[in-house]
Amino acid sequence: MTELSEALSDLATALAHRVETAPDPDRAARAEQLRRHVAEYLAPRAADLSAPLVVVLLGSTGVGKSSLFNAIAGAPLSESGLIRPTTRRPVALVHPTDSPSLREDRPLAGISERDQLDVRIDTAIAPGLMIVDAPDFDSVERSNRELALELLEAADLVIFVTTVTRYADQVPWDILARARQRGVPLLAVINRMPTDTTDEAAVMADYRALIERGELDRQGAFGDLEVLSVPEGATDAAVDGLQREAVGPILEAIERLRQDDDERRSMARRSLDTALAGLPEAVEKIAAEVEREQQAAASLRAALETSYRAARNELDREIETGTFLRTEVLRQWLDYVNAGPVARYISEGVGRVAASLRNLLRPTPPPPAPEVREEAFADLVTSVVRHTDTAASKTAAIWVDDPHGAMALSEDAGLWGSSPGMPSELNAELGEWMEVIGDEIQVMGAQLKGRAQAASIGLNVLGTSAILAVFIHTGGLTGAEIGIGAATAVLNQKLLEAIFGEANVAAFVEQARARLDRILDSVFVSEQQRFISALGPMARPTDLASDLRRAAHAAARMETQ
Ligand SMILES: Nc1nc2c(ncn2[C@@H]2O[C@H](COP(=O)(O)OP(=O)(O)OP(=O)(O)O)[C@@H](O)[C@H]2O)c(=O)[nH]1
Ligand SMILES: [Mg+2]
């Protein structure tokens, strides 16, 4: 592969990537247009300057493109008709020696590979040229429009067909602008021209004025536009088209293109060079777009991270001090620990087996361990929901002011709050967390001298006590904070320390807290991930902008002569 072909192939790849990852259909379409131009026009010519030139007949429905095509072919090879739009599949007229050139990497390869091109192999066309009858470019049929636009990207000469009654309706400036931007030569044909020479002159003058009044001509873009005409009534039923004599000047213009091989090559080279020189500018628009998206994505992510970090800090504070626990829950545990066998156990200490045994004989209400644990978890889940709701709504309130953010929010209205499935998932995780705590307590208990006491209090009570110890602890409490939370913390901790020893309890609480943090971290990560997913591919950092620029500049620097 030559260096130029390589640069073009890199560019086509980068553009294809852009098509896949663009955040909206308009931007994807813009990249796709340029990709086709690179893949279906530039790459084939760069590979072989002697590849046949492609002449494309473009225009609205019913203006006579197929009729003109048949006149050029001298045979009814493309159906002209009354039911509009008639031509839905492009028809290409190719000389037998050029027919192999519809292979891979050659002009029109993309369309013919997709089986969207009808090829008519006929000696009516001279070698070195292909004439393509396109579907209508302003079609009500989306696929017609797209095929016509694709052909525009592949053309070496565009014959722009209109009629005397249609030309003034609306000039397809976007098509003309793209043709001009691409630098492809244009030839205008006005079909069904009045035969009266004064009328004809008036129409010609009017058409020119119209073109010149257009936006584009400020740059002198159409000063050199060649306008030809075909008189009204010049039809020939035998070819299902226009009379060959009436299209003489058009045939001549096409023939001039072909003429001798040298001229054709130098024209191909000229148009390739013009097109290559135009690449950086065409690519710049897309590259700048990618950069703006990346910047927008970065600031949206920053807003997202700030909101969730703030919420996470708030949640941590609540867990640190146990303030997320409802007073009733604390009260229930305090009452239980403060009275009955546990309280006695705490005050009488390890070794008083007899007391424990007595307790077993005395009827006592069952400990509220499962209820307290469940409620503590419910309170924790409520608090996580509240904080993630706040983070989500804060993020959404910022994102909605950015076009990309607003687009993401419209994809997923659930982003204004926390995800509905999160509470039950978190509950399940907390269940596992509790199981690990239960296992650890059992292991710790088995290693202790006073394991009989531990056993008499029961795993249920110790488990709940251990869980509460993660949420409420006496560590940083001061006199002013002594309340129900602190009182519960003090007693709860005493119970654990009496059985397991202070150092063991401290290490255990720290590890359990670390495991809880990991659970909460993953909740926060997946809550944020919803925003990132809604943002789509633009959320991923990419070098696409510089890849596009590099490939376009590399291609533009290559000389073809
Ligand atoms: N009466 C009259 N009819 C004409 C003249 N020139 C072309 N036509 C008719 O106008 C119609 C043009 O149709 P087509 O050639 O199929 O037009 P097209 O541009 O290919 O249309 P689509 O394929 O739909 O995009 C045909 O029915 C022609 O016979 C003319 O000078 N006089
Ligand atoms: Mg047609």
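**Overall make-up**

The protein, in this predicted model, is built from 20 helices and 9 strands. Of its 561 residues, 50% are buried. When contacts between residues at least 6 apart in sequence are considered, 80% of them join residues at least 24 apart.

| Helix pair | Residue ranges | Axes come within | Crossing angle |
|---|---|---|---|
| H5 and H6 | residues 142-154 and residues 173-182 | 10 Å | roughly 25° |
| H13 and H15 | residues 369-399 and residues 422-446 | 10 Å | roughly 135° |

The axes of H5 and H6 cross at roughly 25°, and because angles under 35 degrees count as roughly parallel, H5 is described as roughly parallel to H6. The crossing of these two helices is right-handed. On the H5 side the contact is formed by Leu149, Leu152, Glu153 and Ala154, which meet Ile175, Arg178, Ala179 and Arg182 of H6. Sorted by class, the residues of this contact comprise 5 nonpolar and 3 charged ones, with no polar residue among them.

For H13 and H15 the axes cross at roughly 135°, and this angle makes H13 oblique to H15. The crossing of H13 with H15 is right-handed. From H13, the residues Arg373, Phe377, Leu380, Val381, Val384, Val385 and Thr388 take part, and their partners in H15 are Met422, Pro423, Leu426, Asn427, Leu430, Trp433 and Met434. The contact of H13 with H15 divides into 11 nonpolar, 2 polar and 1 charged residues.

Ser66 belongs to helix H3 (residues 65-73), whereas Thr87 sits in the loop between H3 and strand E2 (91-94), so the pair ties together parts of the protein that are 21 residues apart in sequence.

How values were computed: Residues numbered from 1 in each chain as written. Chains lettered and ligands numbered in written order. Predicted model: local features only at pLDDT ≥ 70, side-chain atom pairs only at ≥ 80, totals over all residues. Heavy atoms only, no water. Axes fitted to C-alpha atoms, helices over the stretch in contact; angles between N-to-C directions. Helix = DSSP H or I, 4+ residues; strand = E, 2+ residues; numbered from the N terminus. Parallel < 35°, antiparallel > 145°, perpendicular 65-115°, else oblique. Left-handed = near helix turned anticlockwise from the far one by under 90°. Contact = heavy atoms within 4.5 Å. Nonpolar A, V, L, I, M, F, W, Y, C, P; charged D, E, K, R; others polar. Buried < 20%, exposed > 50% of the residue type's maximum accessible area, 1.4 Å probe, protein only.
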